[in-house]
Amino acid sequence: MADILIIEDDRKINELIRRTLSMTGHQGLTAFSGREALSVLERKSADLILLDIGLPDMDGFSLMRQLRAEYRDIPVICVTARDEVPDRVRGLKDGAEDYIVKPFAMEELLARIQVVLRRFCKEQNSFCIRDVEVNLTEGTATRGGKDAGLTNREFALLKILLLNKNIALSRERLLDLAWGMDYYGDDRTVDVHIRRLRQKLGLEEDIRTIFKYGYRLEM
Ligand code: CA
């Protein structure tokens, strides 16, 4: 889907992010210092940069200014342990598209990445699975060439599953993402919609139930 440069000196975190990205079809490029990041970018192109502000060899903020100057079309998401408001404001003022504070859930990081990629039109927007074709930009879902007849909510749920394919999402998370944070629903709401999606699309086996947790679209 997208090439994402992970600038993070903590090797464990860097590797964890890289592996999570690869599970969702992204390619993670890794750099463990600011200087290394700049040399990676000289050789390879990236669609998005995850930038840890606390780097060993240079201040993450000055690295970001440099990145914004030289690679203006690559969006940056700041990742940092500092959660003070002034730092957030500074990061955004300096041109970060988004800001995420450690510790964070991988699901949240992935969701933020998707939003930024979508904003920059660097995201895959059509998917095929069995005889189902989905176009997220046009908002269409067909099965065997015919309109699958999804409701808006079913389509929203399908979209979340596709954008997080091969990742288990809890029912709670699905409610948040497909219905919105303010929606007051329960787990059954999700189950009912998943059942309809499976039937309408013939994806009974592809949308897996994760015991006592939620669902995962496997593709
Ligand atoms: Ca660090």
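**Terms and the values behind them**

Q: Why is Arg-130 called exposed?
A: In this predicted model, Arg-130 has a relative accessible area of 57%. Exposed means over 50%, so Arg-130 is classed as exposed.

Q: Why does Asn-166 count as partly exposed?
A: The relative accessibility of Asn-166 is 27%. Buried requires under 20% and exposed over 50%; the value lies in between, and therefore Asn-166 counts as partly exposed. Asn-166 also has a positive phi, near 65°, in a residue other than glycine. Its place is in the loop between helix H6 (152–163) and strand E10 (169–170).

Q: How do you know whether Gly-91 is buried or exposed?
A: Gly-91 has 0% relative accessibility. The limit for buried is under 20%, so Gly-91 counts as buried. Gly-91 lies in helix H4 (residues 85–93). Leaving aside neighbours within four places in sequence, Gly-91 is in contact with Phe-61, Met-64, Ala-96 and Tyr-99.

Q: What makes the pair Glu-107 and Arg-173 a salt bridge?
A: The closest N and O atoms of Glu-107 and Arg-173 are 3.5 Å apart. The criterion is a side-chain nitrogen of Lys or Arg within 4 Å of a carboxyl oxygen of Asp or Glu, so the pair qualifies as a salt bridge. The count between domain 1 and domain 2 is one salt bridge.

Q: Which parts of the chain are domain 1 and domain 2, and how far apart are their C-alpha centres?
A: Domain 1 covers 3–119 and domain 2 covers 126–217. Their C-alpha centres lie 29 Å apart.

Q: How do you know that domain 1 and domain 2 are in contact?
A: Contact requires heavy atoms within 4.5 Å. Eight residues of domain 1 are in contact with 11 residues of domain 2. The two domains bury about 750 Å² between them, 52% of it on carbon and sulfur atoms. In domain 1, Met-23, Thr-24 and Glu-107 lose the most area to domain 2, together 57% of what that side buries.

Q: How many residue pairs are in polar contact between domain 1 and domain 2, and which helix gives the most to the domain 1 side?
A: There are three residue pairs in polar contact, with both residues at pLDDT 80 or more. Helix H5 (residues 106–119) gives the most to the side of domain 1 that touches domain 2, with six residues. The residues of that side divide into three nonpolar, two polar and three charged.

Q: Which residues of helix H7 are buried, and what covers them?
A: The buried residues of H7 (residues 171–179) are Arg-171, Arg-173, Leu-174, Leu-175, Ala-178 and Trp-179. Their cover includes H5, H6, E10, helix H8 (187–201) and strand E12 (214–217). H7 is followed by Gly-180, whose phi is positive, near 100°.

Terms used: Residues numbered from 1 in each chain as written. Predicted model: local features only at pLDDT ≥ 70, side-chain atom pairs only at ≥ 80, totals over all residues. Heavy atoms only, no water. Domains from an automatic or database assignment. Buried area = accessible area lost by both parts, 1.4 Å probe. Polar contact = N/O pair within 3.5 Å; in protein donor to acceptor, adjacent residues only side chain to side chain. Helix = DSSP H or I, 4+ residues; strand = E, 2+ residues; numbered from the N terminus. Nonpolar A, V, L, I, M, F, W, Y, C, P; charged D, E, K, R; others polar. Buried < 20%, exposed > 50% of the residue type's maximum accessible area, 1.4 Å probe, protein only.
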